[in-house]
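Subject: Structure for your files, with notes

Hello,

Here is the structure I promised to hand over. My notes on it follow below.

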Amino acid sequence: REFVSDNSSVVLGAALENAIPFAVTHELIRQGLQNLNMIAPISDISTDMLIGAGCVKTVTGAWVGNVSGGMGHNYRRAAEKGIPNSIKINDYSNFSIGMAFFAGAYGLPYIPVKSILGSDITKSNTSIKMSTNPFSDELEPVALVPALKPDIAFLVVQRSDRFGNSHIWGSTGLTQEASIAAEKIIVLADELVEPEVIASDPSRVLIPGFGVNAVCHVPAACHPSPLIGRWKRDHEFFHNYHQQTRDPAGFENWCDQWIRHLPDHEAYRSKLGDRLETLRIIGDAPSAPANY
């Protein structure tokens, strides 16, 4: 409530298919926020939920859907029929949105890329400008991708201290670039630890605490997406969502059951019950120690 309001631009899913902050998605829906600009290279069904709940005005990203099932039904309905409301789509490739975050993180107004040349992205996203390489005599074409500077980025991490210094391992995707580019950062920690634990391995700290606006202890905040070393992906949950949201009424029923009629993430975990424990990663596969 303090950091997100109507019309905010929000990053969810910066770590790609891993560590998606679904607990945030649910809370944004419960609070009834509107006209959000959802920014994510991969949001899986997160942004699809927000679109179906009428929270989204703009989608800035490469794709919205269900990796297990295909394009999100709410996303398709909104884009093609304006149901529940029309959305604006700022089209990117996964790589070009990563470079837009990079530009935002490093204070660049734009960044040149070549990978989208020849695609329709340069036509559908009018903010991307065509130019030529000034260092070449061959009039070599480049696409100029403007910097992205979101209002807020949400991060799911394996552990954090109370000051916001956190450890992230495994695939981090665009976590660091998107977070540095954002004006505000909220960390969702699967575990809260003492500062000494974080200080023992500084190389795993992507975002130092002085850049973090809030720390929330939210175990399994990523469900149904995975979190390396903590939670497995809930494939069945994704499949069920895809089946049950094929029409607007089905989505409304699903959303009432899993989001609107639950007061918070603790109630969501309780509803999952023993199913959540079957997803907990057990056993150890530690990395080799590093001698600092």
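Glu80 is exposed, at 52% relative accessible area. Its side chain meets that of Arg76 in a salt bridge, with 2.9 Å from N to O. Arg76 is partly exposed, with a relative accessible area of 40%. Both residues belong to helix H3 (residues 73-81), where they sit four residues apart, about one turn of the helix. Please keep in mind throughout that this is a predicted model.

Salt bridges

The count of salt bridges comes to 13.

Arg230 forms a salt bridge with Glu191, and the closest N and O atoms are 2.8 Å apart. This pair links distant parts of the chain, 39 residues apart. Arg230 is in the loop between strand S14 (214-217) and helix H8 (235-244), while Glu191 is in the loop between strand S13 (184-189) and helix H7 (195-199). Arg230 counts as buried, because its relative accessibility of 17% is under the 20% limit. Glu191 is partly exposed, with a relative accessible area of 32%.

The side chains of Arg260 and Glu252 also meet in a salt bridge, at 2.9 Å from N to O. Arg260 counts as partly exposed at 32% relative accessibility, and Glu252 is partly exposed with a relative accessible area of 31%. As for shared partners, salt bridges join Asp190, Glu191 and Arg230 into one network.

Nonpolar cores

The largest nonpolar core has 50 residues, and Phe154 and Leu188 have the most contacts inside it. Leaving aside neighbours within four places in sequence, Leu188 is in contact with Pro21, Ala23, Val24, Phe154, Leu155, Val156, Val157, Cys216, Val218 and Ala221. A second, separate core has 21 residues, among them Phe101, Ala103, Val145 and Ala153.

Helix H1 (residues 22-30) is mostly covered, with seven of its nine residues buried. These are Phe22, Ala23, Val24, Thr25, His26, Leu28 and Ile29. Just after H1, Gly32 takes a positive phi of about 70°.

H1 also gives the most to the lining of the largest pocket, with five residues. That pocket has a volume of about 380 Å³. Its lining has 19 residues, of which Val24, Glu27, Gln31, Phe154 and Cys216 lie nearest the centre. H1, S13 and S14 each supply at least two residues of this lining. By class, the lining of the largest pocket has eleven nonpolar, three polar and five charged residues.

Second largest pocket

The second largest pocket holds about 320 Å³ of space. Arg230 is one of the residues that line it, together with Arg159, Trp169, Asp201, Arg204, Ile228, Gly229, Gly283, Asp284, Ala285, Pro286 and Ser287. The residues of this lining divide into four nonpolar, three polar and five charged.

Cavities

A search of the whole structure finds two cavities of 30 Å³ or more. The largest cavity contains about 80 Å³ of space. It is lined by 14 residues, and Ala15, Ala19, Leu155, Val156 and Thr175 lie nearest its centre. Strand S10 (residues 152-157) gives the most to this lining, with three residues. The lining of the largest cavity has nine nonpolar, five polar and no charged residues.

The second largest cavity contains about 40 Å³ of space. Its lining is made up of Met38, Ile39, Ala40, Ser43, Thr47, Val59, Thr60, Gly61, Ala62, Trp63 and Val64. Strand S2 (36-40) and strand S3 (56-61) are the elements that give two or more residues to this lining. By class, the lining of the second largest cavity has seven nonpolar, four polar and no charged residues.

Tyr106 is found in the loop between helix H4 (94-105) and strand S7 (110-113). Tyr106 is exposed, with a relative accessible area of 55%. The C-alpha atoms of Tyr106 and Ala147 are separated by 9.2 Å, and the two residues are 41 residues apart along the chain.

Regards

Technical notes: Residues numbered from 1 in each chain as written. Heavy atoms only, no water. 1 Å grid on protein atoms, 1.4 Å probe; cavity = no way out; pocket = protein on both sides within 12 Å on 5 of 7 lines; lining within 4 Å. Points joined across faces, edges and corners; volume = space filled by probe spheres on them. Nonpolar A, V, L, I, M, F, W, Y, C, P; charged D, E, K, R; others polar. Salt bridge = Lys/Arg side-chain N within 4 Å of Asp/Glu carboxyl O. Buried < 20%, exposed > 50% of the residue type's maximum accessible area, 1.4 Å probe, protein only. Core = buried A, V, L, I, M, F, W, Y, C linked by side-chain atoms within 4.5 Å. Contact = heavy atoms within 4.5 Å.
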